[in-house]
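Please open the model in a viewer and keep a selection panel at hand.

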Amino acid sequence: MVKHKTRIMNNMPLLSDLRVFVLVARRAGFAAAAEEMGVSPAFISKRIALLEKALSVSLLHRTTRRVAITEDGERIYEWAQRILNDVDHMMDEVSTIRQEPQGTLRIVSSHGFSRRFIAPALSVLATQYPRLELRLDVSDRLVDLVSEGFDLDIRVGDDIAPNLIARKLADNRRILCASPAYLARHGMPKTLNELSGRACLVIKERDMPFGIWRLQGPGGEETIKVTGALASNHGEIVHQWCLDGQGVALRSYWDVQENIASGKLVHILSDYYQSANIWAVYVSRLATSAKVRVTVEFLRQYFERHYGGAAPQAEYLFSR
């Protein structure tokens, strides 16, 4: 009986191998998973092989370019996510008791905002909480937090999908701006409708429809279709074009406030703006995760300290 129990225990899958499998399934490849973990693809392959041996199932179909999950693998994947989530919650409970959050926290945000604002904040957070392992992914598309395995999405803008939970980190808005050189050549626009005939720097960024600017004005919301010779899906490129005098841009006040203060850009049509508050978005209440709760509160205080505009401390459950 003792030998039988020992044999069973020896065949139990390791939690670390379950994490490797979940990551491979999400990334659809050994190389992508290895790159994220900082190990070799051979190491990933070995851990998957050991997990398959322990479970006596084939988890993945392997090809030369990618892997696909098997039917048995789908069932194990669902179980693995539940098991790993329970373990993470247990560690969060322990962290709450110790007042020291720990574990891996996967965060996603847009490219420009991550580089300028999120990355410096996380650098401070990592120093303050050395047992936290922070993974920041940058993407200008909306991600599925659950299926892609993210704990936290830092978003600019108030268009948040139904049934997600969010907490406002800071107040912000997008404003219209242009360089003094551009305004010297083309004049200061006096009405919003004038922009339809101007060179506008169009950007496709996350939730913003391409070439359609919806702004709040004295009479409520107004919509204008804009065009221009230059367009990009990267906000920092549009920002630079605006500084170069190439046209009118609709940019986050956080991005351009220093340029406006220095005179490199001019805030035009100041009665119009687009709400672009900063939100932390997640899928479970903050009370259930110490590492998410600490990170969200840290970011709220960090943004208040460095950029002003304190946000309320309430959570919001977005619904239809």
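Is F303 buried or exposed? F303 is buried, because its relative accessible area is 0%; buried means under 20% relative accessible area, exposed over 50%, and partly exposed in between, with a 1.4 Å probe and protein chains only.

This is a predicted model, in which local features need pLDDT of at least 70, side-chain atom pairs count only at pLDDT 80 or more, and totals for chains, interfaces and linings use all residues. Residues are numbered from 1 along each chain as its sequence is written, and side-chain values use heavy atoms, with hydrogens and water left out.

**The two packed helices**

Select helix α6 (residues 111–128) together with helix α9 (residues 253–262): they pack at an angle of about 70°, with axes 11 Å apart. Helices (H or I, at least four residues) are DSSP runs numbered from the N terminus. Axes are lines fitted to C-alpha atoms over the stretch in contact, and angles run from 0 to 180 degrees between N-to-C directions. The angle makes α6 roughly perpendicular to α9, a term for 65 to 115 degrees.

Next, display the side chains at the contact (heavy atoms within 4.5 Å). F113, R116 and F117 of α6 meet W254, D255 and E258 of α9 there. By class, this contact has three nonpolar, no polar and three charged residues; Phe and Trp count among the nonpolar, Asp, Glu and Arg among the charged.

**The aromatic rings**

Across the whole structure, a search finds eleven aromatic pairs. Rings of Phe, Tyr and Trp (its six-membered ring) pair if their centres lie within 6.5 Å; planes under 30 degrees apart count as stacked, over 60 as edge-to-face and the rest as tilted.

Select F117 and Y307, an edge-to-face pair with 5.2 Å centre to centre and 80° between the planes. This pair joins distant parts of the chain, since F117 lies in helix α6 and Y307 in helix α10 (residues 290–307), 190 residues apart. F117 is buried at 2% relative accessible area, whereas Y307 is partly exposed at 27%.

Return to F303, which forms a tilted pair with Y307, 6.2 Å centre to centre and 50° between the planes. Both residues lie in helix α10, four residues apart, about one turn of the helix.

Finally, select F113, F117, W254, F298, Y302, F303 and Y307, which ring pairs link into a cluster.

Key: Angles under 35 degrees count as roughly parallel, over 145 as roughly antiparallel, 65 to 115 as roughly perpendicular and the rest as oblique.
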